[in-house]
Amino acid sequence: MSTTAAAQAAPLALTIATRESRLALWQAEHVKALLESRGHRVTLLGMTTRGDQILDRTLSKVGGKGLFVKELEIALQEGRADLAVHSLKDVPMELPEGFELACIMEREDPRDAFVSPRYASLDEVPQGGVIGTSSLRRTVLLRAARPDLRIEPLRGNLDTRLRKLDEGVYDGIVLAAAGLKRLGLGERIRHIFAPDAMLPAAGQGALGIEIRAGRPELEAALAPLVDRATWLRVAAERAVSRAMGGSCSMPLAAHAVLRDDGVLSIEAAWGDAEAPAPVLVRARAEQAVQTLEDAAALGHAVAQRLIAQGAVPVRD
């Protein structure tokens, strides 16, 4: 979308479909404020998704992260909403026919955070301590870092997870730093993992805006919200996951950094969550990129390096 086209975008009356968790509503309100500052009239359509309703089983056992977006897509399809705001790491690698990601916004901190009322870092948790997460990616990385700890399931929205921690169910939990910061809960963070210690999920910390395809007026309205550097980074990360058949049922991480000289570097990791001992395969690559296709090609190449080292892709 050209700058000229974006500048000429006519004011629109828009409805944003959003989940009703506190974090999802913050994200939707953030987009609403940005669009309203550009003259658009915006309302929110709050919805509860199946992913929000099913809290007694891990996502990998009940259909994956697509459970967080399906109802929002139905609202788009039926015309009840014009756009849906997603945490990009919750968005499946392949969208249903007729939908598109029209905007990737500037990324918040993509790293993982350690939260604990007792310990200042993961290293301080004593042997046999209990760490909460339902992410297979985090489970594999935690097992590799501290095989002496117990990794236990933790589902629910951000407030629910923090409440379970405060009730003493866990010695510590691992959450996305972005969500805590967006909700003003940065003081709960005891330690932020360096990416080489806890490699983030593809798209973590980024917001994606989904629309029905074939709506150029919406693309024009959203163009000023696009952050090109973030989009290049997440295009590479999501390409790794796409090539691996990735979803929440796969312990896969991918994290890209774009340098000022236009060189994109990406590191990915795959683990075997069922192995009796931690198994972790890593690969990285870098090259200058100019387009989303360049970035995706680099991510695909990194996925092939993972596979060459023994990572097992998921095939339908």
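Tutor: Contact here means heavy atoms within 4.5 Å. Axes are lines fitted to C-alpha atoms, for helices over the stretch in contact, and angles run from 0 to 180 degrees between N-to-C directions. Helices (H or I, at least four residues) and strands (E, at least two) are DSSP runs, numbered from the N terminus.

Student: Across which strands does helix α6 lie?

Tutor: Helix α6 (residues 136–145) lies across β5, β6 (130–132), β7 and β8, and runs at about 130° to β8. Helix α7 (residues 158–166) lies across β5 and β8, at about 165° to β8. This is a predicted model: local features need pLDDT of at least 70, side-chain atom pairs count only at pLDDT 80 or more, and totals for chains, interfaces and linings use all residues. Residues are numbered from 1 along each chain as its sequence is written, and side-chain values use heavy atoms, with hydrogens and water left out.

Student: What is the order of the strands in the open sheet?

Tutor: Strands of a sheet pair through backbone hydrogen bonds, either parallel or antiparallel. Two strands count as paired if DSSP finds at least two bridges between them. Here an open sheet of 5 strands has the order β7-β6-β8-β5-β9, with mixed pairing. Its edge strands, β7 (150–152) and β9 (189–192), each pair on one side only. Neighbouring strands of this sheet are turned by 30° against each other on average, direction ignored. Within it, β5 (residues 112–115) and β8 (residues 172–176) run antiparallel, joined by 4 bridges; Ala113 has Leu175 in β8 as its bridge partner.

Student: Is strand β10 largely enclosed or open, and why?

Tutor: Buried means under 20% relative accessible area, exposed over 50%, partly exposed in between (1.4 Å probe, protein chains only). In β10 (residues 207–212), 5 of the 6 residues are buried, so the strand is largely enclosed by the rest of the structure. β3 (residues 83–87) pairs with β10 in the antiparallel sense over 4 bridges, and His86 stands opposite Gly208. β4 (residues 99–104) is also antiparallel to β10, with 5 bridges; Gly208 is the bridge partner of Ile104.

Student: How many residues of α10 are buried?

Tutor: In α10, 13 of the 16 residues are buried. Gly245, which follows α10, has a positive phi, near 70°.

Student: Where does pLDDT stay under 50?

Tutor: pLDDT is the predictor's confidence in each residue, from 0 to 100. Where it is low, the predicted coordinates should not be read in detail. The chain has a mean pLDDT of 90, with 89% of its residues at 70 or more. Values stay under 50 over residues 1–7 and over residues 51–65.
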